[in-house]
Each structure stands twice: as C-alpha cells, then as structure tokens.
Amino acid sequence: MLSIKNFLPRSLFGRSLLIILLPVILLQVILLTVFLDNHFRKMTSRYTESVAGEIAFIVDDLNTGRPLEELQSKTAKHLEMRVRDISKGSYLNKAAPTKGLWERWVSKSLKSVLEKNLNYPFRIIYNDKAGFISVLI
C-alpha cells in the first residue's frame, strides 16, 4: 500500500528543504496568478474603452454625411479597422454567441463600454476562426 511517507524525503536536509521551498513556490504561484488576473482585467478594460471610443468616433463621422469610401480608407489606414455597409443584409440576426470563456469576457466588457458610448443598437460577434471581433451597428 502506498502512503505519503514513500514520497517524502527521509533526511533532515531534504525535509528542511521541503519546509522552506514548498511555501515559497506556493506563494509565488498564488501571487503570479493574482498579478496576471489583475493585469489582464486592467488591460482588457483599457483596450475595450479605446476600441469603443474609436467606434463611436467612426459612427459620429458617418453621421456627418461624408462618403463611406473616404471613411473606409481612413479607418483602414489609421485604425486598422474595416467599415462596411451592412444595411442590405440581415447580419444582425445571423450573429452567433461567443464560445470561449475569454472571448465571452472580452465581448461582455466591450458591450458594457459600447452601451455607454453609442446610442444605436449593435451586436458583437467574435470570429474564433479568424481571431477578430465584429461590431455590427
């Protein structure tokens, strides 16, 4: 029968090393987990606020009456975003929900920030195959 005594060190040096190293390693793992979680939450919220601001700027620019082609070229060049006219299709009804935990969290964060910045109905689609988010307004 296997017991824990078979796996623990038998010498005093080995046991002392285990008593000193095990809490240090455990503390490092806990602190790393807390730090990374806090870091990713802050960075995600900052990125979503930035993207939501850019989207609100694009929507406001569309309402000025400028040609869509001009806006498409500027957003592609400066913001690395693609603006398309989806008024002819029913894209809002074909949107699929996000699947992964991380994608759901990012979409939820972006949705909450966009609700503050936009006065239009929108839908967020995460394309897991291509690795990008589409915002349909």
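Arg 41 is partly exposed, with 42% relative accessible area; partly exposed covers the range between buried (under 20%) and exposed (over 50%), using a 1.4 Å probe and protein chains only. The model is a predicted one, in which local features need pLDDT of at least 70 and side-chain atom pairs count only at pLDDT 80 or more, while totals for chains, interfaces and linings use all residues. Residues are numbered from 1 along each chain as its sequence is written, and side-chain values use heavy atoms, with hydrogens and water left out.

Arg 41 forms a salt bridge with Asp 37, the closest N and O atoms lying 3.3 Å apart. A salt bridge here is a side-chain nitrogen of Lys or Arg within 4 Å of a carboxyl oxygen of Asp or Glu. The two residues are four apart in helix 1, so about one helical turn separates them. Asp 37 is also partly exposed, at 40%.

The protein has three helices and two strands, in the order α-α-α-β-β. Helices (H or I, at least four residues) and strands (E, at least two) are DSSP runs numbered from the N terminus. Helix 1 takes in residues 12-62 and reaches 74 Å from its first C-alpha to its last, close to the 75 Å expected at 1.5 Å a residue; that expectation is 1.5 Å times one less than the number of residues.

Buried residues make up 20% of the 137 in the protein. Those in helix 1 include Thr 44, Ile 55 and Asp 61. Thr 44 has a relative accessible area of 8%, and its side chain reaches the backbone oxygen of Phe 40 at 2.7 Å. Thr 44 touches Trp 102, Trp 105, Val 106 and Ser 109, leaving aside residues up to four places away in sequence; a contact means heavy atoms within 4.5 Å.

Ile 55 belongs to the largest nonpolar core, which has 14 residues, and is listed with Leu 114 and Leu 118 as having the most contacts inside it. Such a core is a set of buried Ala, Val, Leu, Ile, Met, Phe, Trp, Tyr and Cys residues joined through side-chain atoms within 4.5 Å. Helix 1 and helix 3 (101-117) each give two or more residues to this core, and the largest share, five residues, comes from helix 1.

Asp 61 is buried at 11%, yet pairs with the partly exposed Arg 66 in a salt bridge of 3.1 Å. In helix 2 (residues 68-79), Lys 74 and Glu 70 are four residues apart and form a salt bridge at 3.4 Å, N to O.

How values were computed: Polar contact = N/O pair within 3.5 Å; in protein donor to acceptor, adjacent residues only side chain to side chain.
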